[in-house]
Amino acid sequence: MDLTKASDFMATHARPLDRRRFELLTGGGDRDALLAALNAHRNPDGGYGHGLEPDLRSRTSQPGPALHAFEVFEELAPATAPEAAALCDWLESVTLPDGGLPFGLHVPDPAGCAPFWAGADPETSSLQITAVVAAMAQRVAVHDKAVAGHPWLDRATRYCLDALRAKDDLHALELAFALWLADAVHDTEAIALLGEHIPESGLVHVQGGLEDEMMRPLDFAPYPGRPARALFKEEAVRAELRRLEDQQQDDGGWRVDFASYSPAAELEWRGYATVKAVSILTRNAEG
């Protein structure tokens, strides 16, 4: 990994939010500036939109962007922000009676939005989106008592842990995100149950994605020292880390292996992917 080239890529191509994330990740940066960059995507209702999720360019608050907001709140640690608990309030307001979040809410401005976001059913709970949002919120809860004690988080977590046990045919993304949540709450029984769906290779094809789009060991368990990492052999993880290093492009950035739905999204995903790759490689090196 060439951090200098990665830094040059971020300065040249990445949106301000991911530049601030990268700066903080690599030992510089300013937490107040990072929070300000995140809040450029915030709505008065406490939710987030305005392209925070690159393939969902709607101005409206949506469950999907909540994931990316919680990512930033985790990166602010040990500092906390009142916006995190306010986001839990907003999520509670759109949670369905069974405790799950809909994959998406009504999108009145679908330009540049992926069809799966723009056409989502707002009346049906989604294990995929509820699990990934709750998993990231649980990571924030480690250092933020207001999030840890919020009733929405407990309700969403219980919905997911019940749903993953009741569902046999988990989509690759449901599998990965449910595993993130089980890992975050140290539910070893759920981790073992989900592990039964992952072959020894650690590769699970993403149905409906690109032909070669896979969830891989580092997608399921990106960081060392976590319960979910025990599902994968050490040599497989080392091979995936080498593969991730080798995927750094000549311009210093990384790419994603899924389709983007606008030119802006394609470039924004590269900045996001570069932050993610540097984070995974750095934390595993520190291991």
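A charge sits over a ring if NZ of Lys or CZ of Arg is within 6 Å of the ring centre and within 35 degrees of the ring normal. The model examined in these exercises is predicted.

**Exercise 1.** Find which ring has Arg139 over its face, and at what distance from the ring centre.

*Solution.* Arg139 lies over the face of Trp180, and the distance from the ring centre is 5.2 Å. A further case is Arg283, placed over the face of Tyr223 at 3.6 Å from the ring centre.

**Exercise 2.** Classify the aromatic pair of Tyr48 and Phe73, and state where each residue lies in the chain.

*Solution.* Begin with the search of the whole structure, which finds 11 aromatic pairs. In the pair of Tyr48 and Phe73, the ring centres are 6.4 Å apart and the planes stand at 70°, which is over the 60 degrees required, so the pair is edge-to-face. Next, locate the partners: Tyr48 belongs to the loop between α3 (31-39) and α4 (63-75), whereas Phe73 belongs to helix α4, so that distant parts of the chain, 25 residues apart, are linked. Then consider burial: Tyr48 has a relative accessible area of 0% and is buried, and Phe73, with 2%, is buried as well. Finally, both residues belong to one aromatic cluster, formed by Tyr48, Phe70, Phe73 and Trp152.

**Exercise 3.** Determine how the rings of Phe220 and Phe232 are arranged, and whether these residues are buried or exposed.

*Solution.* The rings lie 6.1 Å centre to centre with 20° between the planes, and this aromatic pair is stacked. Because Phe220 lies in helix α12 (residues 217-220) and Phe232 in the loop between α12 and α13 (234-246), the pair ties together parts 12 residues apart in sequence. Both Phe220 and Phe232 are buried.

Technical notes. Residues numbered from 1 in each chain as written. Predicted model: local features only at pLDDT ≥ 70, side-chain atom pairs only at ≥ 80, totals over all residues. Heavy atoms only, no water. Phe/Tyr/Trp six-rings, centres within 6.5 Å; stacked < 30°, edge-to-face > 60°. Helix = DSSP H or I, 4+ residues; strand = E, 2+ residues; numbered from the N terminus. Buried < 20%, exposed > 50% of the residue type's maximum accessible area, 1.4 Å probe, protein only.
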